[in-house]
Each structure stands twice: as C-alpha cells, then as structure tokens.
Amino acid sequence: QPLASPARDSAAKSLRSRNAPEEAPLSFLERVKKGIFKQKEPEEPWTDTLKAAEGDPKALSVLLLSGSVRAVGGTSKAVREVVEAVDTFVGRYLLLTTVAYVSLKFVHYKLLPDFPPL
C-alpha cells in the first residue's frame, strides 16, 4: 500500500539534501514532459576522438575496433527495432482480420443461414 501524502512528503524531505532548495512537486504531465524531453549530454565529436588517437597506433587500433563494434551494435539495434515494429504491426492486424473474418462467417452461417434468399 503506497504511503499517504503527508508520510510520503516527510520521507522525501528526510532523503533530500539539507542544502538543496525545496522544489515544488511536479504534476503528472510535467513529469511526463520531463521524461520525454530529457536533455542528453552533448557527445564529443568523433573527429576530436580521432585527432586524440592520431599519434598513437595502439590508441588508433583500439579506436577502430571499438568504433566498429559500436557501428555493428547501432546497426543491430536499428534492425531489431524495425523488425519489432513490423512484427507488432503484422501481428495486430492479422489478429484483427482473423477476428473479423470469423465473426463474418459466424453471422453468415449461424445467424443468417439462408442469406441471400433465392
């Protein structure tokens, strides 16, 4: 059973840093927006990484190996997401068309067996 509001607030206050300013509680929509539009840390451009490894052949080989592994991982992730999307789409609409077809045949043969009349 979740904590009641006053108990939850006192627990949150005790866990908060003593020097941290008190924040107003966020509404549900504000929490969703904050989660969706979370700011990512800016990544270092790959050219800077390449320049840093320029003089050292050992560092360059590690960079090429890790970069190729990262590229394979990114490609694998993209392919997996596309396959999952297609699978979900096909599965959902295959189910809907099957239910519609079975319902239509049930109505045709059980509820209206002599339809259309001759």
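## Exercises on a predicted helical model

V90 sits in helix α4, which spans residues 57-111. Keep in mind that the model is predicted. Let's work through it together.

**Exercise 1. Determine how many helices and strands the protein has, and how the elements run.**

Solution. 
- Step 1: The count gives 4 helices and 0 strands.
- Step 2: Reading from the N terminus, the order is α-α-α-α.

**Exercise 2. Locate the salt bridge and describe the exposure of its two residues.**

Solution. 
- Step 1: Recall that oppositely charged side chains can pair when their charged atoms come close.
- Step 2: The structure contains 1 salt bridge. The side chains that form a salt bridge are those of R80 and E84, at 3.3 Å from N to O.
- Step 3: The cut-off is 4 Å, so this N to O distance qualifies.
- Step 4: Both residues belong to helix α4 and are 4 residues apart, about one turn of the helix.
- Step 5: R80 has a relative accessible area of 42%, so R80 is partly exposed. E84 is partly exposed too, with a value of 41%.

**Exercise 3. Classify the aromatic pair as stacked, tilted or edge-to-face.**

Solution. 
- Step 1: Searching the whole structure turns up 1 aromatic pair.
- Step 2: The ring centres of F89 and Y93 are 4.8 Å apart, and the ring planes meet at 55°.
- Step 3: Stacked needs an angle under 30 degrees and edge-to-face one over 60, so this pair is tilted.
- Step 4: F89 and Y93 are about one helical turn from each other, because they are 4 residues apart in helix α4.
- Step 5: F89 is exposed at 52% relative accessible area, whereas Y93 is partly exposed at 40%.

**Exercise 4. Work out which residues make the nonpolar surface patch, and why V90 can belong to it.**

Solution. 
- Step 1: The patch covers about 680 Å² and is made by V82, V86, F89, V90, Y93, L94 and L96.
- Step 2: Patch residues need over 30% relative accessible area. V90 has 45%, so V90 passes this test while counting as partly exposed.
- Step 3: The two residues of the aromatic pair, F89 and Y93, are also among the patch members.

Conventions. Residues numbered from 1 in each chain as written. Predicted model: local features only at pLDDT ≥ 70, side-chain atom pairs only at ≥ 80, totals over all residues. Heavy atoms only, no water. Patch = residues over 30% accessible without salt bridge, like charges linked within 9 Å, V, L, I, M, F, W, Y side chains within 5 Å. Areas by Shrake-Rupley, 256 points an atom, 1.4 Å probe, with all protein chains shown as cover. Helix = DSSP H or I, 4+ residues; strand = E, 2+ residues; numbered from the N terminus. Buried < 20%, exposed > 50% of the residue type's maximum accessible area, 1.4 Å probe, protein only. Phe/Tyr/Trp six-rings, centres within 6.5 Å; stacked < 30°, edge-to-face > 60°.
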